[in-house]
Amino acid sequence: MSETWIEVNLDAVLNNYQEIIGHLQPQSRLMAVVKADAYGMGAVQVAHVLQEAGCEAFAVTTVSEGIILREHGIDALILVLSPVLKEEVEEALQANLQLTLSSFGQIQSLEEFAADLGKTAQVHIKLETGMGRTGFFYEDLEDLAQALAANPHIKAVGVFTHLARAAQRDRTYTQEQYNHFQKGVKRLEELGVNSMLKHICNSAAFLDFPEWHLDFVRVGTLLIGHFPAPSFAGKLKLKDPWVAKTRIIHMRNVPKGTYVGYQSTYRTKKETQLAVIPVGYADGFGVVPHFVPQGFWDFIKIVIKNMLALFGVYLGGETVNLRGHVVPVAGKIGMQLTVLDVGNFSCQVGDEVVIPLRRTLANPRIDRIYCKDKTFFVKRGIKEGFLSLNTEYQPGYGEINTK
């Protein structure tokens, strides 16, 4: 059995789903965003649970993500949000995926493959309103309408845009994007492109702008138990479905002044116990995204933190949870081994440790244990096979968190 594993409580996902749909406007439906393997939790497992609960639509980033869902029995609407390459079109159409149309260069291959297959390519038009990534500008819409009319095997069934600053408290830019979106939709309808499903809300806009729910809301962050920003906390009664765990594999006592880890950045301040856990950067532990300072004081904090590190003072170091006690990482995190300074806390080899592993950065080879209705299933790393578990305790895994 694995020394490191991740527990995913699907009952918590269902709780979050019910919370979300309970706040939907009557005319709107949820499009569950399960991109990036449902933010690391397992797109197939999460989508199955949501489809059984009545979810009618899913959004993914890539064609391959959509095909995986189809191959595992997800027959609801699946929208691919990113542009689709020519070599992906045929497979996408065969799988009855709805595609995003965001440039004129996509039209020819969509029309040709759809005609050859005797199908109609169902597309959602992406409008560029301020994200600066993909989509049609307002000035493109007349030509787009003409191109759609000239290619009968392409049908626009939806229209959407992506909000850039919805999680920020200043709503000015988001309101401008919404206005641009509405203007673009109106122009398309004037040009004869009608009866499209409209969607603009991500998780943040879903909470802040109920009047914008339209036909669909695209929600992912809330489903996994996270709010898009601290200012949203408490608006829904969410549950965190995710916990990553490992076990202590080695321990020893060391005297005061012992150097630990690469570059000897850590030195024990007193006689203590050091514990080794079998996780590191290769598993996603300690890996964090690059954050851009949000204002002057945020920038100053980052500068001070880096200056102190230059003199051997490290603020905000990584910590783990050992049976309810917060324990610091001693020194630098390794590739696959990390040392903890557990002080005089009573522990031993084999004890369970909860580690702060980011969902989308967790190595997919780490085993996942899924819990639903007190039934447990293990997904062995990147394999699709499952092992059914019928007890709440398994050697090598420990107590399953069902709260």
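Is alanine 36 buried, exposed or partly exposed? Alanine 36 turns out to be partly exposed, with a relative accessible area of 39%, where buried means under 20%, exposed means over 50% and partly exposed is in between (1.4 Å probe, protein chains only). You're looking at a predicted model, in which local features need pLDDT of at least 70, side-chain atom pairs count only at pLDDT 80 or more, and totals for chains, interfaces and linings use all residues. Residues are numbered from 1 along each chain as its sequence is written, and side-chain values use heavy atoms, with hydrogens and water left out.

**The whole chain**

- The protein chain has 10 helices and 23 strands; helices (H or I, at least four residues) and strands (E, at least two) are DSSP runs, numbered from the N terminus.
- Out of 403 residues in the protein chain, 48% count as buried.
- Take the contacts between residues at least 6 apart in sequence: 66% of them join residues at least 24 apart. Contact here means heavy atoms within 4.5 Å.

**The nonpolar core**

- In soluble globular proteins, nonpolar side chains tend to be buried together.
- The largest nonpolar core here holds 112 residues, and Ile125 and Phe206 touch the most other members. A nonpolar core is a set of buried Ala, Val, Leu, Ile, Met, Phe, Trp, Tyr and Cys residues joined through side-chain atoms within 4.5 Å.
- Helix 3 (residues 43–52) is the top contributor to this core, giving six residues.
- Once you set aside neighbours within four places in sequence, phenylalanine 206 is in contact with Ile20, His23, Leu24, Cys201, His213, Val217, Val219, Leu222 and Leu236.

**Helix 1 against helix 3**

- Helix 1 (residues 10–21) packs on helix 3 at an angle of about 50 degrees, with axes 10 Å apart. Axes are lines fitted to C-alpha atoms, for helices over the stretch in contact, and angles run from 0 to 180 degrees between N-to-C directions.
- That angle makes helix 1 oblique to helix 3; angles under 35 degrees count as roughly parallel, over 145 as roughly antiparallel, 65 to 115 as roughly perpendicular and the rest as oblique.
- The crossing of helix 1 and helix 3 is right-handed: a crossing is right-handed if the near helix is turned clockwise from the far one by less than a right angle, and left-handed if anticlockwise.
- Helix 1 brings Leu10, Val13, Leu14 and Tyr17 to the contact, while helix 3 brings Gln45, Val46, Val49 and Leu50.
- Sorted by class, the contact of helix 1 with helix 3 has seven nonpolar residues, one polar and no charged. Ala, Val, Leu, Ile, Met, Phe, Trp, Tyr, Cys and Pro count as nonpolar, Asp, Glu, Lys and Arg as charged, and the others, Gly among them, as polar.

**Around helix 6**

- Helix 6 (residues 107–117) has Ile107, Ser109, Leu110, Glu111 and Ala114 as its buried residues.
- The cover over those buried residues includes helix 5, strand 5, strand 6 (121–126), helix 7 and strand 7 (154–160).
- The axes of helix 5 and helix 6 come within 9 Å and cross at roughly 40 degrees, which makes helix 5 oblique to helix 6.
- Lys86, Val89, Glu90, Leu93 and Gln94 of helix 5 meet Ser109, Leu110, Phe113, Ala114 and Leu117 of helix 6.
- By class, the contact of helix 5 with helix 6 splits into six nonpolar, two polar and two charged residues.

**Helix 7 against helix 8**

- Helix 7 (residues 141–150) and helix 8 (residues 172–190) pack at about 45 degrees, their axes 10 Å apart, and their crossing is right-handed.
- Leu141, Glu142 and Leu144 of helix 7 make this contact with Gly184, Arg187 and Leu188 of helix 8.

**Single residues to look up**

- Alanine 36 lies in helix 2 (residues 35–39), and its phi is positive, near 50 degrees, in a residue other than glycine.
- Asparagine 96 isn't a glycine either, yet has a positive phi of about 55 degrees; asparagine 96 sits in the loop between helix 5 (86–94) and strand 5 (98–101).
- Serine 28 is in the loop between helix 1 and strand 2 (29–33) and counts as buried at 7% relative accessibility.
- The C-alpha atoms of serine 28 and histidine 199 are separated by 9.2 Å, though these residues are 171 residues apart along the chain.
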